[in-house]
Each structure stands twice: as structure tokens, then as C-alpha cells.
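The following note sets out points on the fold, the helix packing, the salt bridges and selected residues.

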Amino acid sequence: MKRIMLSLFIFALVTACSPNSSQQQALSIIDRHLDAIISNGKIQASSNPADYINANLEGYSEVLNTGNEGLDYLMNELKESPDNGLREWIIAKACEDMLKDQAPDAPWASGKEWLRVYEESREK
């Protein structure tokens with residue numbers, strides 16, 4: 001009996017600590033589409049990050065459709081990233097588009113700058 005209870009407890013703990021299938025699906029969609037957007041060979045000569053999104057609007061829309069799970073994941077990715085390049089700019093733009101009216105209405109030029117502006121707006 002103790003063995004069964006211990007097994008059930010461990011199963012419940014592992015299940016509670018691991019992302020559920022909808023979260024995993026959202027993360028997979030985001031990673032796949034971000035990679036496709038960033039590595040688009042037709043656009044790689046462009047210095048305008050919005051060109052990358054415009055060249056793959058369908059994939060970008062799928063990222064936006066991942067809901068709160070996607071937004072949480074993207075915000076964490078932006079916070080944890082040591083970089084501040086194209087990927088971070090696209091992540092910031094996706095966060096802004098997902099937040100809609102809740103996004104700060106201030107100019108930004110990089111992903112980390114958007115994050116700073118967003119966090120400052122939340123403190124007010």
C-alpha cells in the first residue's frame with residue numbers, strides 16, 4: 001500500500017511540474033515559427049526586422065495565436081536571453097501584438113528596450 005501511495009505521489013508531482021500538452025504544443029509552435037521567420041533566406045539581407053515578420057505572416061500569426069501560454073513563454077525567453085538581436089526584436093513585437101491595449105505605448109528599437117519599457121509601465 002505504501003508503495004502504491006508513493007508511486008501515485010511521484011506521478012502527481014512529475015505531472016504537476018511538467019508542462020501540459022497545450023503548453024508543450026504552444027512552445028513547439030513558437031520555436032518552430034520563430035526559427036522559420038529568422039532564417040528566411042529571402043530576407044536575410046534586410047536590416048528591417050519587420051521584413052522578417054512580413055515575409056512569414058502565417059507563421060507569425062500562429063505564434064500570436066498561442067495565447068497566454070505563448071505570451072508567458074515569450075516574455076520569459078526575452079528576459080532570459082543574453083542577446084538583443086533579431087530574435088529578441090521579433091519576440092518583443094509578438095509580445096506587444098499579443099498584449100494589444102495592455103502593451104506600453106512608447107517607442108522602442110530593440111527587444112530588451114521593449115522589455116524595459118514594458119516592465120516600467122507595469123510598475124506605475
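1. Of the 124 residues in the protein, 34% are buried, where buried means under 20% relative accessible area, exposed means over 50% and partly exposed covers the range in between (1.4 Å probe, protein chains only). The model is predicted, so local features need pLDDT of at least 70 and side-chain atom pairs count only at pLDDT 80 or more, while totals for chains, interfaces and linings use all residues. Residues are numbered from 1 along each chain as its sequence is written, and side-chain values use heavy atoms, with hydrogens and water left out.

2. The protein has seven helices and zero strands. The order from the N terminus on is α-α-α-α-α-α-α. Taking contacts between residues at least 6 apart in sequence, 56% join residues at least 24 apart; a contact here means heavy atoms within 4.5 Å.

3. Helix α2 (residues 21–38) and α4 have axes that come within 9 Å and cross at roughly 150 degrees. Axes are lines fitted to C-alpha atoms, for helices over the stretch in contact, and angles run from 0 to 180 degrees between N-to-C directions. The two helices, α2 and α4, are therefore roughly antiparallel to each other. For this classification, angles under 35 degrees count as roughly parallel, over 145 as roughly antiparallel, 65 to 115 as roughly perpendicular and the rest as oblique. The crossing of α2 and α4 is left-handed, a term that applies if the near helix is turned anticlockwise from the far one by less than a right angle, with right-handed used if the turn is clockwise.

4. Which residues form the contact of α2 with α4? From α2 come Ile29, Ile30, His33 and Ile37, and they meet Gly59, Tyr60, Glu62 and Val63 in α4. By class, the residues of this contact divide into five nonpolar, two polar and one charged. Nonpolar covers Ala, Val, Leu, Ile, Met, Phe, Trp, Tyr, Cys and Pro, charged covers Asp, Glu, Lys and Arg, and the others, Gly among them, count as polar.

5. Helix α4 (residues 57–64) also packs with helix α6 (residues 86–99), at an angle of about 60 degrees and with the axes 10 Å apart. The helices α4 and α6 are therefore oblique to each other, and their crossing is right-handed. Tyr60, Val63 and Leu64 in α4 meet Ile90, Lys93, Ala94, Asp97 and Met98 in α6. The contact of α4 with α6 has six nonpolar, no polar and two charged residues.

6. Side chains of opposite charge can pair when their charged atoms come close. A salt bridge is counted when a side-chain nitrogen of Lys or Arg lies within 4 Å of a carboxyl oxygen of Asp or Glu, and the count by this rule is seven. In one of them, Asp97 and Lys93 meet with an N to O distance of 3.1 Å. These two residues are four apart in helix α6, so Asp97 and Lys93 are separated by about one helical turn. Asp97 is partly exposed, at 25% relative accessible area, and Lys93 is partly exposed at 24%.

7. A further salt bridge joins Arg87 to Glu77, with the closest N and O atoms 4.0 Å apart. This pair links distant parts of the chain, since Arg87 lies in helix α6 and Glu77 in helix α5 (residues 67–80), 10 residues apart. Relative accessibility is 23% for Arg87, which counts as partly exposed, and 25% for Glu77, also partly exposed.

8. Arg116 forms a salt bridge with Glu120, the closest N and O atoms being 3.2 Å apart. Both residues, Arg116 and Glu120, belong to helix α7 (residues 111–123) and are four residues apart, about one turn of the helix. Arg116 is partly exposed at 41% relative accessibility, and Glu120 is partly exposed at 38%. Elsewhere, salt bridges that share partners join Asp31, Asp35, Glu77 and Arg87 into one network.

9. Two individual residues close the list. Pro49 is in helix α3 (residues 49–54) and touches Leu86 and Trp89, leaving aside residues up to four places away in sequence. Lys100 is in the loop between α6 and α7. Although Lys100 is not a glycine, it has a positive phi of about 50 degrees. Most residues other than glycine have a negative phi. At 64% relative accessibility, Lys100 counts as exposed.
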